[in-house]
Amino acid sequence: MSEQHSPWDIRLEHLRVGYGNRIVLDNINAVIPGGKITVILGESGCGKSTLLRHIIGLSRPMEGHILYGGQDLFALPERQFRRIRRRFGVLFQDGALLGSLTLAENVGLPLSEHTSLSRSIIRSAALRTLALVGLEDFADYYPNELSGGMKKRGGLARAIVTEPPVLFCDEPTSGLDPINSAQMDQLLLDMRVAYPDMTIIVVSHDLASMERIADHVLVLREGHVAFAGSPDELQHSQDPYLRRFMDREASNEARIAATPTNPAVREALDAWLEG
Ligand SMILES: Nc1ncnc2c1ncn2[C@@H]1O[C@H](COP(=O)(O)OP(=O)(O)OP(=O)(O)O)[C@@H](O)[C@H]1O
Ligand SMILES: [Mg+2]
């Protein structure tokens, strides 16, 4: 079977997504290849998390289809819809560890919620997964005792404890320093060693991270797909927007034109500072 036909190929067809009457992305046509790492790039607010919510089945598209191995996610009978969603691991943008549970309990949560495994088996599965992300020594810490980067790694451990064939990560490196970002990327690359067939979809605006991990890249811009292809093709694109994006240049149109401070505000601030 050619890799173009992995059971976890995800196909987006004429997809329109948004909130209420507001369209965020329209006429999205793209293939996310199974068994690879796809990075979905785009500026803040362009709709990356929104797209992810729909691909994982949390929200129904306004129009169009999301096909998993040729099956339309939102046309599946309820039972099959739930079965397919069980195969997704998700690292949400904010990590979303529960503050009242220890790290090991958080990581074991998908197992304690969905299986009747004993507490000791769940704990050992959680510890094994924490070891994969380098946090085995922090199993009994609470989230507020962990750094931002550790919380992200904990969130990743929780996303992979069920060994899902498809892993979605929303901004795994945002808010991390360059060293922690590189470590998070290495962890995602390590996932392919631990789980070679895993399909990984990473939503990001981190170009350095994309360069390290991506097999395939989608760039979203102004509601549409501005690019789909390999990182190498993206590097060599001559499209003016993509060039600016890749060269990390601010566009002139986006410059903020601030009006001068109101003199009354300035005066009140001066009085406060001197008071
Ligand atoms: N729950 C919601 N209800 C209404 N509008 C929303 C909701 N969530 C997001 N939006 C809107 O959808 C648009 C896209 O937001 P989204 O969070 O998908 O962007 P993003 O690309 O993930 O941004 P970032 O890189 O900052 O995470 C924004 O204009 C936002 O205001
Ligand atoms: Mg987002």
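1. A word on the basis. This is a predicted model, in which local features need pLDDT of at least 70, side-chain atom pairs count only at pLDDT 80 or more, and totals for chains, interfaces and linings use all residues. Residues are numbered from 1 along each chain as its sequence is written, while chains are lettered from A and ligands numbered from 1 in the order in which they are written.

2. Let us begin with strand β8, residues 199–204. Helices (H or I, at least four residues) and strands (E, at least two) are DSSP runs, numbered from the N terminus. Six of the six residues of β8 are buried, so the strand is largely enclosed by the rest of the structure. Here buried means that 20 or more other C-beta atoms lie within 10 Å of the residue's own, exposed means 12 or fewer, and partly exposed is in between, with C-beta atoms placed from the backbone. T199, I201 and V203 point one way, and I200, V202 and S204 the other. In a regular strand the side chains alternate between the two faces of the sheet.

3. Two neighbours pair with β8, where pairing requires that DSSP finds at least two bridges between the strands. Strand β3 (residues 37–41) runs parallel to β8 and is joined to it by five bridges; I200 in β8 is the bridge partner of I37. Strand β7 (residues 166–170) also pairs with β8 in the parallel sense, over five bridges, and V166 has T199 as its bridge partner.

4. Strand β7 deserves a look of its own. Five of its five residues are buried, so β7 is largely enclosed by the rest of the structure. V166, F168 and D170 point one way from β7, with L167 and C169 pointing the other. Strand β6 (residues 88–91) is parallel to β7 and joined to it by four bridges, with G89 opposite L167.

5. Now to the ligand. Around ligand 1 we find Y19, V24, G42, S44, G45, C46, G47, K48, S49, T50, Q93 and H205, taking a residue as near if its C-beta atom, placed from the backbone, lies within 6 Å. This shell divides into three nonpolar, eight polar and one charged. Ala, Val, Leu, Ile, Met, Phe, Trp, Tyr, Cys and Pro count as nonpolar, Asp, Glu, Lys and Arg as charged, and the others, Gly among them, as polar.

6. Helix α1 (residues 48–55) gives the largest share of that shell, three residues. Its buried residues are K48, L51, L52, H54 and I55. They cover an arc of only 160° around the axis, which puts them on the same side of α1; the arc is that of the directions from the helix axis to the C-beta atoms. Just after α1, G57 takes a positive phi of about 85°.

7. There is also an open sheet of four strands, in the order β2-β1-β4-β5, with antiparallel pairing. Its edge strands, β2 (22–32) and β5 (71–72), each pair on one side only. Strand β1 (residues 10–19) and strand β4 (residues 63–68) are antiparallel and joined by five bridges; R11 has L67 in β4 as its bridge partner.

8. Finally, L109 in helix α3 (residues 103–114) is partly exposed, with 17 other C-beta atoms within 10 Å.
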